[in-house]
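Please read it with the structure in view.

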Amino acid sequence: MTKRFLFVMALTFVVNVVDGVAGDEQHLILFKSGSIDTSKTPSKSSASLLSSATGDKFSTVIIQFKGPLSYDQRQLWEKRRVSFVSYIPNHAYIVRAQSQMLASLANDPRVQWAGELRSAQKMDPALGQKEM
């Protein structure tokens, strides 16, 4: 009985690791300079994303998905001129697109959270710390 319990526990752990996120960490976006807890930080609405950029202007935002984004799902957005700039753990991306596309992406049922990319999140905190 004990061996079976240990096996089930080990298998559960492996499944969580393979998925990339365990437990409460699925709500964390992990930058080198800190993290965003998306369960406590309000998501930007599509209207808010629309108002932050007008017309044909491109904007850069953070989008966190509820789980891993498949290659096919990513390709569908790229065909609509959404550029995936960089991956951020956990299941988040820095994306760049026109405001209408960002609003559409924010309304996608696979999206867990959408928000602004702030200046502090762009910088590595070690920058300027090392002597040249």
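Phe65, Phe84, Tyr87 and Tyr93 are linked into a cluster by ring pairs. Rings of Phe, Tyr and Trp (its six-membered ring) pair if their centres lie within 6.5 Å; planes under 30 degrees apart count as stacked, over 60 as edge-to-face and the rest as tilted. The model is predicted: local features need pLDDT of at least 70, side-chain atom pairs count only at pLDDT 80 or more, and totals for chains, interfaces and linings use all residues. Residues are numbered from 1 along each chain as its sequence is written, and side-chain values use heavy atoms, with hydrogens and water left out.

The ring rule gives a count of 3 aromatic pairs. Two of the pairs are listed here.

| Ring pair | Centres apart | Angle of planes | Class |
|---|---|---|---|
| Phe65 and Tyr93 | 6.0 Å | 75° | edge-to-face |
| Tyr87 and Tyr93 | 5.3 Å | 75° | edge-to-face |

Phe65 belongs to strand S3 (residues 58–65) and Tyr93 to strand S5 (residues 92–98), so their pair ties together parts that are 28 residues apart in sequence. Helices (H or I, at least four residues) and strands (E, at least two) are DSSP runs, numbered from the N terminus.

Phe65 is buried, at 2% relative accessible area, and Tyr93 is buried at 9%. Tyr87 is partly exposed, at 43%. Buried means under 20% relative accessible area, exposed over 50%, and partly exposed in between (1.4 Å probe, protein chains only).

In helix H4 (residues 99–106), the buried residues include Ser99, Leu102, Ala103, Leu105 and Ala106. Viewed down the axis of H4, its buried residues fall within an arc of 160°, so they line one face of the helix. The arc is that of the directions from the helix axis to the C-beta atoms.
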